[in-house]
Amino acid sequence: MSKMKSQPSRRAFLGYASALGIAAALGPVSMAEAAAKKGGTFVMALKGGESTNTLDPALSLSHVTYQALRAYSETLLNVTEDGGLEYRLAESVEPANGGQTWHFKIRSGVKFHNGQELTAMDVLKTMERHSNEDSKSGALGIMKGIESMSVDGDIFTVNLTTPNSDLPYLMTDYHLAIQPNGGFDDPAAGIGTGPYKVTANEPGVRYSFEKFADYWDDSRGHYDAHEILVINDDTSRAAALQSGQVHAVNLVSPKTAKLFARAPHIKIETTDGKGHYIFVMHTDTAPFDNKDLRLALKYAINREEMVDKVLAGYGSVGNDSPINAAYPLFDDTIEQRQFDLDKAREHYAKSGHDGSPIVLHVSDAAFAGALDAAALFQQSAKAAGIPLELKREPADGYWSEVWNKKPFCASYWGGRPVQDQMWSVGYLSTADWNDTNFNSPEFDAMLLEARAELDEAKRRETYGKMGRLVREEGGLINPMFNQFIDGMQQDVTGWVSHPNGNLMNGFIASKTWFE
Amino acid sequence: MSFLVVKLVSQRIALGLMLLLAASALIFVGTQMLPGDVAQTILGQTATPEALANLRAELGLNEPALSRYFSWLGNAIQGDLGTALTNGKDIAESLSGRLGNTLFLAACAAVVSIPLAIILGLLAVRFRNRWPDKMISAVTLATISIPEFILGYLVMYLVAVKLRWLPSVSIVRPEMDFIDRIEAIAMPVIVLTFVVLAHMMRMTRAAILNVMESAYIETAELKGLSAFRVIASHAMPNAIAPIVNVVMLNLAYLIVGVVVVEVVFVYPGMGQYLVDHVSKRDVPVVQAAGLIFAAVYIVLNTTADIIAILANPRLRHPK
Amino acid sequence: MSRIPTSALIGLVFTSAYFLAALFAPLIAPYELGAIVGDVWEPMSSEHWLGTDGIGRDLLSRMIHGGRTTIFVASAATILSFTLGSTLALTAVVVGGWVDMLLSRFIDLIMSIPTLIFSLVVLSVVPVTLPVLILVMGLLDTTRVYRLARAVAQDVNVMDYVEAARLRGEGTRWIVFREILPNTLSPLVAELGLRFIFMVLFVSTLSFLGLGIQPPAADWGGIVKENKEGIVYGIPAALVPAFAIASLAISVNLVADWVLSRTTSLKGGR
């Protein structure tokens with residue numbers, strides 16, 4: 001399977017310089033296909049689907065539509081398990097003009113489910129739909145740096161306003177699934193180039209697929225048919241797997257994962273990811289505009305206890321930065337912040353806070369176990385003499401009414417393929433989702449500097465400085481990174497953990513088979 | 001008498017329609033007042049301001065409310081409920097499928113639970129304060145006071161995971177025939193029966209006990225009629241009004257309130273459909289579903305009133 | 001009537017025990033509200049009689065503190081809905097005519113608005129506090145009580161003895177409280193017992209809307225929910241509160257049954 005593909009190491013792909021050399025090494029060359037058995041119907045039960053969902057890639061947001069997209073559509077490139085890149089609908093990528101212009105050679109002989117042949121024009125139209133002024137795409141943010149796009153034969157060319165050595169990574173965003181004519185005709189039609197063709201689309205209930213006979217890559221899509229059932233209730237989802245009704249489930253609840261895995265026909269796969277369960281403070285709003293108060297709260301949170309109790313050990317402690325070892329170019333010399341009540345008291349006293357309750361807005365909509373985490377935080381803060389008050393918010397409307405509006409609330413970030421993207425969407429002073437209202441000209445300057453930096457070591461160093469700055473000055477309290485916990489039947493074979501997403505970054509249906 | 005009945009019934013139906021109109025206005029105003037913004041909730045955390053502005057314009061959220069109300073009402077009367085803002089699906093189409101599922105589940109649960117509740121209620125009166133009465137009371141009270149999802153989990157683990165008699169979820173596929181569908185909803189029906197049984201059973205018991213002391217019951221007893229006959233054919237007709245009202249309340253619950261059971265058994269009914277669209281602020285869908293729920297209540301309440309009137313001869317002929 | 005039947009006695013003992021525990025919660029709870037004292041889902045032990053919950057809080061303490069909110073909120077909301085619902089209904093029936101018609105249709109109208117939309121709208125205009133919570137729950141339930149009370153009262157209202165009272169020239173208040181209320185009491189008391197249970201369960205449902213109890217305080221339904229993943233694995237933290245709700249429900253209704261039998265016997269002696 002893909003794990004064994006002959007690919008360059010992650011390192012070789014990180015820097016801009018090496019990106020020049022992508023074309024030589026990449027390709028869907030597989031060595032293990034011979035072992036893969038074909039056939040069967042693969043049924044998944046997933047949390048995170050609503051009857052309001054659509055198959056339009058631009059509006060895809062939930063776990064369920066994400067998995068459905070992975071089944072029926074493809075992007076130009078994918079991120080591999082080790083952080084490198086692999087070609088999908090692009091056959092090769094060439095940077096030019098110092099990383100300001102990028103040429104993507106589009107694969108030939110690929111068919112859409114409606115029988116049309118994939119052309120570079122479809123790619124251009126897709127990118128246009130996600131970036132034009134009418135766009136409501138979830139990928140609009142990452143398309144911002146594009147100045148112009150053009151097509152010449154089977155070459156699709158992107159011109160950027162400033163050089164960006166990470167552009168191929170941006171093209172792996174799952175929203176940017178290639179659709180016939182860019183999806184301008186019927187964006188929610190569910191027609192793509194993926195290994196499975198949509199046969200039923202009942203939002204919030206189920207999706208079914210059959211193997212697309214003309215799929216271009218023999219090394220993927222081993223099942224004859226595929227079905228996604230939407231089961232949002234944790235216990236019901238577990239029961240569906242235990243009773244043998246489905247072959248895989250996502251988001252196994254950490255507290256019961258061990259009990260659940262006792263059944264002999266079931267296995268649990270855990271993956272260290274980039275997602276983090278956090279509390280965010282607006283650094284420009286009193287009392288959180290006071291650095292000492294922020295530090296007091298950062299010292300007053302017991303990270304180990306949270307990982308133990310909220311994640312049942314399925315995770316790792318955070319360090320008040322969104323970046324962990326799952327990212328390329330992670331600086332592992334940044335000192336881990338410890339739970340330290342004395343320091344918390346000291347900073348709290350120094351902040352001169354008047355002792356009025358500090359209100360933390362929280363809901364389990366932020367992340368699973370947010371109320372529990374907040375209750376733990378409240379108790380440990382109390383030990384440091386910090387009066388934390390919890391305000392339970394409605395799950396309904398949490399992301400529109402509370403997050404990014406209230407100065408101190410629980411939140412969640414899923415992570416991004418590369419550091420540049422993570423910092424750009426969440427911490428740049430002008431970013432739309434800068435949920436800590438972090439405003440540091442020094443940080444912004446370093447981010448731009450790193451983006452255009454050719455030397456990998458220098459880039460790592462700059463990212464390290466940025467991480468330290470956010471850890472010290474920022475409004476992010478990051479107690480933990482969660483693991484993805486997926487459950488499946490023993491006979492599902494070919495599993496490879498992928499740090500970018502659960503269920504093999506969405507490719508479980510494409511890359512596994514029944515033994 | 002038949003003329004009077006026709007007059008009463010038609011009066012109530014006319015009133016019901018007026019109520020529905022009033023409810024539609026209230027629902028419309030209510031949905032306008034809902035906090036939160038459809039564009040933001042559709043696009044979620046990953047929305048940029050440009051994307052939001054684009055979506056808002058496309059959804060026509062900038063027109064005045066009053067004109068939107070009348071055009072909505074006019075279309076709704078003609079059966080055109082519009083399309084969902086979130087996924088562009090035809091509302092009438094999605095809604096009719098969901099409503100069909102909901103009514104099917106509610107009907108099956110009602111067919112099982114209503115007769116059962118009334119029979120148990122009659123038995124409880126017949127063996128009043130003896131052990132059958134106490135047993136029935138204790139068991140039904142226990143089932144009603146356990147949260148629905150616990151009942152759901154327990155039934156699911158026993159029937160689907162341990163015994164493997166039935167699939168653990170009630171997903172309905174178009175190719176299913178009637179028998180398959182009954183099988184799919186067997187577990188939700190069991191749970192819903194547990195949930196609604198106690199209320200109806202206890203009201204039957206209490207309402208009949210309330211009339212048992214009346215003089216005519218004594219007369220019937222003195223005539224030497226069997227105890228059960230006295231209860232069923234002499235006491236019950238005079239206790240019908242409260243029983244019917246409680247039955248209607250529970251029917252209404254079975255139609256509009258089974259969200260939890262739907263979620264546990266993954267049954268595609270109206271409850272979850274409304275909750276999803278409310279939380280995405282998909283106003284046209286919320287309005288359409290709200291209108292249907294309002295109609296359900298109004299029809300059930302009107303029916304209960306009419307039955308109560310018919311059941312009491314003295315009410316039919318007010319002095 | 002001096003002899004209390006065994007079942008009623010059991011009901012009384014349990015009900016009063018729960019109410020007393022609620023009243024004196026801070027005195028009898030072994031640990032402070034919200035204190036983290038152990039590991040996740042510890043089994044029952046001499047230190048933690050009922051074990052610990054999902055993040056290591058003592059379950060017994062949490063149950064005692066939670067019982068306080070549960071019983072207080074449910075009782076207050078039940079009393080509100082009953083007083084308001086039955087008074088309105090009885091008045092509507094006795095006065096009759098337009099008053100009855102307007103009130104009844106207004107109640108139908110309120111009932112027909114889906115609870116979810118109703119609660120969200122209320123939530124958007126008033127601050128979320130405990131009194132608001134009780135008020136919303138009480139008012140929503142008033143509609144149900146009203147319909148039932150009206151149905152029962154209407155049957156009673158046409159009875160000969162009510163007619164006789166009217167002819168005697170008794171006032172509306174006399175007819176409501178002396179003639180109709182005693183004769184509608186049995187179904188109403190039965191309903192009261194059940195409404196109380198619905199309220200206990202309803203508190204935890206509202207937390208989805210952010211209307212519920214604020215952490216670290218809890219209600220029994222909420223504790224069941226917090227630990228619901230443990231149910232199928234027999235974790236006490238999920239089962240104990242469910243058991244508490246069920247036993248409270250049964251004992252309250254045993255008392256209601258007893259009151260019911262007393263009211264019907266009293267009537268017989270009329």
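**Contacts, core and interfaces**

Modeller: Beyond its neighbours within four places in sequence, C:Val200 is in contact with C:Thr70, C:Ala74, C:Trp220, C:Gly221, C:Ile245 and C:Leu248. This is a predicted model: local features need pLDDT of at least 70 and side-chain atom pairs 80 or more, while totals for chains, interfaces and linings use all residues. Residues count from 1 along each chain as its sequence is written, and chains are lettered from A in the order written.

Colleague: Why are C:Val200 and C:Thr70 said to be in contact?

Modeller: Because the rule asks for C-beta atoms, placed from the backbone, within 7 Å. C:Thr70 is on the list for C:Val200, so the pair meets that rule.

Colleague: What makes C:Val200 part of a nonpolar core?

Modeller: A core joins buried Ala, Val, Leu, Ile, Met, Phe, Trp, Tyr and Cys through C-beta atoms within 7 Å, buried meaning 20 or more other C-beta atoms within 10 Å. C:Val200 is in the largest core, of 330 residues, and is among those touching the most other members, as are B:Ile208 and B:Ala289. α8(B) gives the most to this core, 20 residues.

Colleague: Which residues make up the contact between chains B and C?

Modeller: It takes 54 residues from chain B and 45 residues from chain C. On the chain B side, α1(B) has the largest share, 9 residues; "helix" there is a DSSP run of H or I, at least four residues. That side splits into 39 nonpolar, 11 polar and 4 charged, where Ala, Val, Leu, Ile, Met, Phe, Trp, Tyr, Cys and Pro are nonpolar, Asp, Glu, Lys and Arg charged, and the others polar.

Notes
Two residues are in contact if their C-beta atoms, placed from the backbone, lie within 7 Å. Helices (H or I, at least four residues) and strands (E, at least two) are DSSP runs, numbered from the N terminus. A residue is buried if 20 or more other C-beta atoms lie within 10 Å of its own, exposed if 12 or fewer, and partly exposed in between; C-beta atoms are placed from the backbone.
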